[in-house]
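Let's take a walk through this fold, from the overall layout down to a few individual residues. Keep the viewer open and follow along.

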Amino acid sequence: MWFTIILILISALCVTLITPSLFETQRDTKPTKHSNKWNGPSTDTRINKLLAECITLLKEMNVPISNSICPTVKLIGSRRTLGRCCKKGSRKKYTEFDYYIEISGHTLGNTEKSLRNTIIHELIHTVPDGFCHTGEWKKWAKYVNAKTDYNIQRLASEE
Ligand SMILES: [Zn+2]
């Protein structure tokens with residue numbers, strides 16, 4: 001009799017201990033609303049292709065952009081920033097190239113023109129002394145706007 005009761009108690013204890021951990025494991029594999037699914041290297045081949053095309057376009061127009069730009073766009077989770085141009089060493093992973101282009105994953109559904117505008121905006125930051133939106137950056141943005149039908153604005157979020 002006592003043996004049965006103890007056995008039942010032990011089984012109950014085991015179930016309580018094991019069950020939550022099972023739930024946790026399941027929860028971990030499911031993406032939550034808060035997870036930042038855009039962190040890390042992009043696997044979006046379309047945006048990388050757009051980057052390559054924009055680099056070619058600017059080089060053909062003799063815009064003095066850097067020759068050391070990471071060919072893979074890094075997708076970020078930011079909703080406020082459409083894109084960002086990061087220098088070597090600004091993040092731990094950014095060691096191979098002089099510049100890295102980050103694009104908000106939330107904008108991937110935007111029109112191709114809008115994505116190209118953002119990418120070109122960021123690429124112009126790689127011209128010598130082009131890191132601010134004045135001086136060299138402004139000069140080359142104006143140049144691109146005059147020569148193409150792109151509309152490169154100072155604030156990438158104005159588009
Ligand atoms: Zn900018």
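What follows goes from the chain as a whole to the sheet, then to the helices and the core, and ends with some loop residues.

Some housekeeping: what you have is a predicted model, where local features need pLDDT of at least 70 and side-chain atom pairs count only at pLDDT 80 or more, while totals for chains, interfaces and linings use all residues. Residues are numbered from 1 along each chain as its sequence is written.

Start with the big picture. The protein chain has four helices and three strands, where helices (H or I, at least four residues) and strands (E, at least two) are DSSP runs, numbered from the N terminus. Going along the sequence, the pattern reads α-α-β-β-β-α-α. Of the 159 residues in the protein chain, 26% are buried. Here buried means that 20 or more other C-beta atoms lie within 10 Å of the residue's own, exposed means 12 or fewer, and partly exposed is in between, with C-beta atoms placed from the backbone. As for contacts (C-beta atoms, placed from the backbone, within 7 Å), take those in the protein chain with a separation of 6 or more: 64% of them link residues 24 or more positions apart.

Now for the sheet. Its three strands form an open sheet in the order β1-β3-β2, with mixed pairing; two strands pair if DSSP finds at least two bridges between them. β1 and β2 are the edge strands, each pairing on one side only. From one strand to the next, the twist averages 30°. The parallel partners are β1 and β3, joined by three bridges, and along this pairing L75 stands opposite I103 in β3, while K74 stands opposite E102 in β3. Strand β2 (residues 83–87) runs antiparallel to β3, with five bridges joining them. There, R84 stands opposite E102 in β3.

How many residues of β3 are buried? Six of the six are, so β3 is largely enclosed by the rest of the structure. In a regular strand, side chains alternate between the two faces of the sheet. In β3, Y99, I101 and I103 point one way and Y100, E102 and S104 the other, and all are buried.

On to the helices. Two packed helices are described by the angle between their axes and the distance between the axes. For α2 and α3, the angle is about 55° and the axes are 10 Å apart; axes are lines fitted to C-alpha atoms, for helices over the stretch in contact, and angles run from 0 to 180 degrees between N-to-C directions. That makes α2 oblique to α3, given that angles under 35 degrees count as roughly parallel, over 145 as roughly antiparallel, 65 to 115 as roughly perpendicular and the rest as oblique. At this packing, I47, L50, L51, C54, I55 and L58 in α2 meet E112, L115, R116, I119, I120 and L123 in α3.

What sits in the middle of all this? The largest nonpolar core has 26 residues, and I101, I120, L123 and I124 touch the most other members. Such a core is a set of buried Ala, Val, Leu, Ile, Met, Phe, Trp, Tyr and Cys residues joined through C-beta atoms within 7 Å. Two or more residues each come from α2 (45–60), β1 (74–76), β3 (99–104), α3 (112–124) and α4. Zoom in on I120: leaving aside neighbours within four places in sequence, I120 is in contact with C54, L58, V144, Y150 and I152.

Finally, a few residues outside the helices and strands. N62 lies in the loop between α2 and β1 and has a positive phi of about 60° although it is not a glycine. N62 is exposed, because 8 other C-beta atoms lie within 10 Å. D129, in the loop between α3 and α4, likewise has a positive phi of about 60° without being a glycine. With 10 C-beta neighbours inside 10 Å, D129 counts as exposed. Q153 lies in the segment after α4 (135–147) and counts as partly exposed, because it has 15 C-beta neighbours inside 10 Å. The C-alpha atoms of Q153 and K142 are separated by 9.0 Å, and these residues are eleven apart along the chain.

Key
Contact = placed C-beta atoms within 7 Å.
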